[in-house]
Amino acid sequence: MNSENFLLSEKIVSPSYIRQGSQARRSHEQLIRHLLEQGKCPEEGWSESTIELFLNELAVMDSNNFLGNCGVGEREGRVASSLVARRHYRLIHGIGRSGDIAAIQPKAAGSSLLNKLTNSVVLDILRLTGVRSVASCFVVPMATGMSLTLCFLTLRHRRPNARYIIWPRIDQKSCFKSMITAGFEPVVVENVLEGDELRTDLEAVERKIEELGAENILCVHSTTSCFAPRVPDRLEELSTMCAKNNIPHIVNNAYGVQSSKCMHLIQQGARVGRIDAFVQSLDKNFMVPVGGAIIAGFDEVFVQEISKMYPGRASASPSLDVLITLLTLGASGYKKCLSERKDIYSFLSQELKSLASSHGERLLHTPHNPISLAMSLGGLQAGNDKAVTQLGSMLFTRQVSGARVIPLGKEQTIGGHTFRGFMSHSDSYPCPYLNAASAVGITREDVSACIKRLDKCMRTLKKEANIAGSLSLQNKIIDYEQETSNTNLHLFCCHSFSLLY
């Protein structure tokens, strides 16, 4: 209620009670005022009642919620189900206009305000987590792969004659498909093995630039967050190389926001060289439903170009989800989540190392990967070729999700390109292994349960392998005994025949 309605209320209920209610209302409004003034994530999280009040205030600013509204167009924010309307807080119009996802909608002042505030709050979080010089960003209602495609399509207008994208290999299908969907030819650069780690082959990248010609290369497409034993690309060196050769540089930072190391690499890359845009997932970094990403960059003009490349209006759901989440957590709450994630990474590392040792395996040494870990499975591979993949199935049926079991020698063809050793980021990694990650939102209970079930699965597989080995040995003994018996019988018959004659 506004001040006038509060005054009128004092004629109905005791003025002292109404003033208390008015003060309580003002405390909510004060938080909203700070958000509108500063456009930053509040330090402390808001209560659900404040968030719902704010969203309801935004919703009544959209034309579909006007009292007496008469809509005669083809897109009037009509919703048949009240359940759907409540799910979206009656913010039905989405974001952007047909020519620009960041544009203001005349019919939807509330949704437009939501969009602008979300982008501003997310920009504040990117700076808070380590990329201090980022200039602009926007939330797009597409996951990481399609968001990368949008970046490549925008670069096409700047470099119309370019047809190649140089890509240090990472075995994740959407990364590869993002380039071929945009109509470009990925130039796969194999990684180099340093100890257990797979790292960027800078010399190979440089050779490809010389071979193809800088003017024919759309961009270098690098990666930060990835599955061990691959580690983040050498962004500083790649960024310097891109600046030197005047080649754009797009970074896939899929779940890197939660890692101070990944964000530092991006900040340093932009400082010493060139990074045109970096893309990160909403669900992996902010614990919201799948379907959104953040496209960010250091040149506001280029980021605006990308937003204008998006055709048509867009769903407001990803923006709404991440804004609600960040208002709930606040900056301090989100930083606490990141700190807990880092602590649990150490715990997961210790537990996996101990488990690996007890089974004659080892935790692969991948100090440059701040999120993902890998444990060798050489013993399983030696006992039974199918045991490694069987372990993955056993974990999944025992409700251990997210663990990846990587056998040797798997081939996968994507867009006409065949990857050998697919999922291991290498044609010939030395051993099969299992991945586990400490991502934001993980708990110590998750780690403990995973380790316990993994231990049980490995013991079961080794027991089965021993039984199979014993049976195989028994069969060999039986075969030998039969062969020996037959040989002795043959000698006896020959001897008897010679006595008869």
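**Entry 1: backbone features**

I began with proline 229, which lies in the loop between strand 6 (217–223) and helix 9 (235–245). I take helices (H or I, at least four residues) and strands (E, at least two) as DSSP runs, numbered from the N terminus. The peptide bond joining alanine 228 and proline 229 is cis, with omega about 15°.

The model is predicted, so I note that local features need pLDDT of at least 70 and side-chain atom pairs count only at pLDDT 80 or more, while totals for chains, interfaces and linings use all residues. Residues are numbered from 1 along each chain as its sequence is written, and side-chain values use heavy atoms, with hydrogens and water left out.

I next looked up positive phi values. Most residues other than glycine have a negative phi, and most peptide bonds are trans. Asparagine 246 has phi near 55° and sits in the loop between helix 9 and strand 7 (249–252). Glutamine 399 has a positive phi of about 65°; its place is the loop between helix 15 and strand 11. I record glutamine 399 as exposed, because its relative accessible area is 68% (buried is under 20%, exposed over 50%, partly exposed in between, with a 1.4 Å probe and protein chains only).

**Entry 2: annotated positions**

Which residues does UniProt list for "binding site"? The unreviewed entry gives Arg271, Arg398 and Lys463. Such annotations may be inferred rather than shown by experiment. I found these residues spread over 193 residues of sequence and, in space, up to 54.6 Å between C-alpha atoms.

Arginine 271 belongs to helix 10 (residues 260–272) and is exposed at 57% relative accessible area. Arginine 398 is in the loop between helix 15 (387–397) and strand 11 (404–406), and counts as partly exposed at 38%. Leaving aside neighbours within four places in sequence, I see arginine 398 in contact (heavy atoms within 4.5 Å) with Arg453 and Cys457. The side chain of arginine 398 also reaches the backbone oxygen of methionine 394 at 3.1 Å.

**Entry 3: a helix pair**

Two packed helices are described by the angle between their axes and the distance between the axes. For helix 5 (residues 109–128) and helix 13 (residues 317–358), the axes come within 10 Å and cross at roughly 35°. Axes here are lines fitted to C-alpha atoms over the stretch in contact, and angles run from 0 to 180 degrees between N-to-C directions. Residues making the contact include Val121 and Ile125 of helix 5 and Leu323 and Tyr334 of helix 13.

Terms used
Polar contact = N/O pair within 3.5 Å; in protein donor to acceptor, adjacent residues only side chain to side chain.
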